[in-house]
Amino acid sequence: LIKNWPSEVKQLVLALFNEWYETSFFPKIGKIAEVTLLHKKGVKSKIENYRTLSVGCNLCKIYLSILTQRIEFNAEERNLLGNIQISRRSYHPAPN
């Protein structure tokens, strides 16, 4: 967990993320993932009995999560999201 990282590491990662944000940079390694099929249950010869597991750059996943939160917050603040997207928001109940 990030909260358990030493403060020096957190500061370095913050500086890195801010640089990526300010320069619109995203590392190529963050666009690549190794995908593995995991058997769930049933006949192994049927693809529908598998799920995928993607392993990629963890630091890039953290950055994308933060970036997504910033985009969603700014879109909400500017009233850019219509009612159609309300169920996607974690702080609004889904419409009935």
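Q: Between which strands is the loop that holds N49?

A: Keep in mind that this is a predicted model. N49 is placed in the loop that connects β1 (33–39) with β2 (50–56).

Q: Is N49 buried or exposed?

A: A residue is called buried when its relative accessible area is under 20%. N49 has 15% relative accessibility, so N49 counts as buried.

Q: Which residues does N49 touch, leaving aside those up to four places away in sequence?

A: The contacts of N49 are with L38, H39, K40, K41, G42 and V43.

Q: How many helices and strands does the protein have, and in what pattern?

A: There are 2 helices and 2 strands. Along the sequence they follow the pattern α-β-β-α.

Q: How should I read a helix, taking α1 as the case?

A: Start with its span. α1 has 17 residues, and the distance from its first C-alpha to its last is 24 Å, close to the 24 Å expected at 1.5 Å a residue. After α1 comes S24, which has a positive phi, near 55°.

Q: Which residues of α1 are buried, and which are exposed on the other side?

A: The general idea comes from helix geometry. An α-helix has 3.6 residues a turn, so residues three or four places apart point the same way. In α1 the buried residues are V13, F17 and W20. Viewed down the axis of α1, its buried residues fall within an arc of 60°, so they line one face of the helix. The other side of α1 carries the exposed residues E8, Q11, L12, E22 and T23.

Q: What do the buried residues of α1 pack against?

A: They pack against α2 (58–77).

Q: How many aromatic pairs are there?

A: Rings are paired here if their centres lie within 6.5 Å. The count comes to 6 aromatic pairs. One of these is F17 with W20, a tilted pair at 5.6 Å centre to centre with 35° between the planes.

Q: Why are F17 and W20 separated by about one helical turn?

A: Because F17 and W20 are 3 residues apart in helix α1 (residues 7–23), about one helical turn separates them. F17 is buried, with a relative accessible area of 8%, and W20 is also buried, at 8% relative accessibility. W20 also forms a tilted pair with F25, at 6.2 Å centre to centre and 55° between the planes. F25 is partly exposed, with a relative accessible area of 42%.

Q: Which residues form one aromatic cluster?

A: The cluster is made up of F17, W20, F25, F26 and Y63.

Q: What lies over the face of Y21?

A: R70 does, at 4.4 Å from the ring centre of Y21.

Q: How many disulfides does the structure hold?

A: A disulfide is a covalent bond between the sulfur atoms of two cysteines. The structure holds 0 disulfides.

Q: What percentage of the residues in the protein is buried, and what percentage of contacts joins residues at least 24 apart?

A: Of the 96 residues in the protein, 11% are buried. Among contacts between residues at least 6 apart in sequence, 33% join residues at least 24 apart.

Key. Residues numbered from 1 in each chain as written. Predicted model: local features only at pLDDT ≥ 70, side-chain atom pairs only at ≥ 80, totals over all residues. Heavy atoms only, no water. Disulfide = S-S within 2.5 Å. Phe/Tyr/Trp six-rings, centres within 6.5 Å; stacked < 30°, edge-to-face > 60°. Helix = DSSP H or I, 4+ residues; strand = E, 2+ residues; numbered from the N terminus. Buried < 20%, exposed > 50% of the residue type's maximum accessible area, 1.4 Å probe, protein only. Lys NZ or Arg CZ within 6 Å of the ring centre and 35° of its normal. Expected span 1.5 Å × (residues − 1). Arc of directions from axis to C-beta. Contact = heavy atoms within 4.5 Å.
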